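Dear colleague,

Please find below the structure that I am handing over to you, together with its sequence.

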Amino acid sequence: MSSSPVFAVDASTGGKVRLLATSNKLHIRASELETKLDTLNTTCSNINVSVGDVDVNTDSLETLQTAGNASMASVDGKITACDTGAVVVSSSALPTGAATSANQNSGNESLADILTELQTPSALATESTLQDVYTGIDDVNMTVGDVQTAVNDVDSSVQSVQSEIQTNGSKLDDIVSNTAGGSPSRSTSTLASGVSVADGVDIGAASSLENIDMSSHKTLVISGSSSVSGSIEMYVSNDGGSTYFFAESLWSMSNYSGSVNTWYKVIENSPEMVKFKWVGGSTSTISFDVCKQNW
C-alpha cells in the first residue's frame, strides 16, 4: 500500500516543498532551521519596554484618592486618642425624664437616709405603746359588736313590719275593691214607687227588685215613705244571697217638712246583699229609693 506524499511550506518562497519520508522520520535542512532561530533571537533582544513610555490614565484614581484623604483627615480630627479611657464626650442629648447628675446625687442621699433609719431607727414601739394599740383594737371590736347588735335589732323590726304589711295586704286590697278603685261613685235606684205592699211582704219582691247587691259598694243610703205608720225590717247576706239574717228594724218618722211615715238610713260597711220587709200590721202604699256609694 503506497503512502500519500507530504508537503511543507517554504518560508522564503511560500511555495510547497515535497518532503520525502524515510523510516517515518521528518528531514529538515539544518541551514533553514538555524536561520529561523537567529531571526527569533534578534527579535527577542530588541524587546525593551520603558515604564515611562506607558501612558496610563489615572485621573479618576487621583480624584478618589483625594476624597479618601479628606475623609480620613475628618475622622482623625474627631478621634483624640485610641485609649478608651481618654475618650471625652463633648455633648450628649438626654431623653425626656432622664436622670441628671443632680438627681442621681439626691437619690443617693435619700437611699443613704433610708439605710440609716433601717439600721438605727429613730422611734421604736415600746411595750406601753403596743398595749395602747391592743386596747384600742379591743374598743373598736366592742363598738363594732354594738353596731352589729343594733343592726340586727333594726333588721328584726323591718322584718316584722314587712310581715305585717304582707298580712294586711289582703285587707288593703279589700278596701280598694270596696271603694271601686278609690274614685268616688254613687248609684241611685228605686226599689219601689207607690207600690202596694201587704204586711210581712218583701218590698223588693213586690217591685221585682228583691235583692240589693252591694258587692261593689261600701255604703248604702235608703229613703222612702209609706201611707201608714209602721216599720221596715232589714235582712243581710254575705254568701251571695243564699242565707239572710235579720239586722235591724227601721221605724217611720217625720221628715224636715213635717211629713210623717218616712224613713232614712245610712248603712256603712254594708254586707254583700241587703233586702227589706214591710212590717206595719196592714197593707201600705210604699215608695222606696236606695243609693249605693263606694265610700
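Two strands are said to pair if DSSP finds at least two bridges between them. Please keep in mind throughout that this is a predicted model.

By that criterion, strand S3 (residues 186-197) pairs with S10 in the antiparallel sense, over 9 bridges. Within this pairing, Val197 has Ser284 of S10 as its bridge partner. Strand S5 (residues 219-226) is likewise joined to S10 in the antiparallel sense, here over 8 bridges, and Val221 stands opposite Cys291 in S10.

An open sheet is formed by 4 strands in the order S4-S9-S6-S7, with antiparallel pairing. Its edge strands are S4 (212-213) and S7, each of which pairs on one side only. Strand S6 (residues 231-237) is joined to S9 by 7 bridges, the two running antiparallel; Ser237 stands opposite Met273 in S9.

Strand S7 is also involved in a charged contact. A search of the whole structure finds 1 salt bridge. Lys265 forms a salt bridge with Glu248, and the closest N and O atoms are 3.6 Å apart. The pair links distant parts of the chain, since Lys265 belongs to strand S8 and Glu248 to strand S7 (residues 245-251), 17 residues apart. In general, side chains of opposite charge can pair when their charged atoms come close. Lys265 counts as partly exposed, at 26% relative accessibility, and Glu248 also counts as partly exposed, at 27%.

Beyond strand S8, the chain passes through a loop that may interest you. Asn269 is placed in the loop between strand S8 (262-267) and strand S9 (273-279). The phi angle of Asn269 is near 50 degrees, a positive value in a residue other than glycine. Because its relative accessible area is 57%, and exposed means over 50%, Asn269 is classed as exposed.

Finally, I draw your attention to the surface. Leu111, Ile114 and Leu118 form a nonpolar patch there, with about 340 Å² of accessible area together. Of these residues, Leu118 lies in helix H3 (residues 101-119) and is exposed, with a relative accessible area of 67%.

Yours sincerely,

A colleague

Notes: Residues numbered from 1 in each chain as written. Predicted model: local features only at pLDDT ≥ 70, side-chain atom pairs only at ≥ 80, totals over all residues. Heavy atoms only, no water. Buried < 20%, exposed > 50% of the residue type's maximum accessible area, 1.4 Å probe, protein only. Salt bridge = Lys/Arg side-chain N within 4 Å of Asp/Glu carboxyl O. Patch = residues over 30% accessible without salt bridge, like charges linked within 9 Å, V, L, I, M, F, W, Y side chains within 5 Å. Areas by Shrake-Rupley, 256 points an atom, 1.4 Å probe, with all protein chains shown as cover.
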